[in-house]
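Subject: Structure handover

Hello,

Here is the structure for you to take over. Please open it first, then read the notes below.

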Amino acid sequence: MDVIDLLIQQHREVDALFEAFRNAQDDASKKELCIQLAEALTLHSTIEERWIYPVARRVIGEEKIQHSVDEHGEMKSIIADMLRARNDVSGLAAKVGELEKVVKSHVADEEKNVLPQFGQKVTEKEIGMSCNDIVRTASAVRREEMSKLEGEANV
């Protein structure tokens, strides 16, 4: 699997988590899906921000990538709010809905304007790591990032 396939697969997995949240029948499931969404999006953002966007800025352009970075900032803020609201399921549903709207817009833009160009112009060598190494490293970083978000949620 190459990194573009990985990112698109992660997009689909997040879509499935949003759908599972909408269809969840009990509060415990919704709370658990909230954590899964936060973890999946944090992993995805980490991969993009650390390995994809630095190279993409050069080959695609600063403006398109800065827009994606800005969306990540918005998502992180909503994720912290979502984690803060997870014990109030009605508030949680509103935050998950807000997050889904931002994520869907981000995914649509990325799959149309960033990933196709990136995939045509960039090799694994230019990224500096294999897809497997990126995932392994990003998983460790995700734990750190989730701790930060949890800390923000407890403030």
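Cysteine 34 counts as buried, because its relative accessibility is 0%. (Buried means under 20% relative accessible area, exposed over 50%, and partly exposed in between, with a 1.4 Å probe and protein chains only.) Cysteine 131 is also buried, at 5% relative accessibility. The structure holds 0 disulfides, a disulfide being a pair of cysteine sulfur atoms within 2.5 Å.

Some ground rules. This is a predicted model, where local features need pLDDT of at least 70 and side-chain atom pairs count only at pLDDT 80 or more, while totals for chains, interfaces and linings use all residues. Residues are numbered from 1 along each chain as its sequence is written, and side-chain values use heavy atoms, with hydrogens and water left out.

Next, helix H1. Valine 3 is found in helix H1. (Helices, H or I of at least four residues, and strands, E of at least two, are DSSP runs numbered from the N terminus.) Valine 3 is buried, since its relative accessibility is 8%. At 43% relative accessibility, aspartate 5 is partly exposed. Its C-alpha atom is 9.5 Å from that of leucine 115, 110 residues apart along the chain.

(On a 1 Å grid over the protein atoms alone, a cavity is a set of points where a 1.4 Å probe fits but cannot get out; lining residues have an atom within 4 Å of a point. Points are joined across faces, edges and corners, and the volume is the space filled by probe spheres set on them.) The largest cavity has a volume of about 40 Å³. Its lining includes Gln10, His11, Met75 and His106. Helix H1 (3-23), helix H2 (27-59) and helix H4 (89-121) each give two or more residues to that lining. The lining has 5 nonpolar residues, 4 polar and no charged. (Ala, Val, Leu, Ile, Met, Phe, Trp, Tyr, Cys and Pro count as nonpolar, Asp, Glu, Lys and Arg as charged, and the others, Gly among them, as polar.)

Last, a ring contact. The charged end of lysine 30 sits over the ring of phenylalanine 21, 5.8 Å from the ring centre. (This needs NZ of Lys or CZ of Arg within 6 Å of the ring centre and within 35 degrees of the ring normal.)

Best wishes

Conventions: 1 Å grid on protein atoms, 1.4 Å probe; cavity = no way out; pocket = protein on both sides within 12 Å on 5 of 7 lines; lining within 4 Å.
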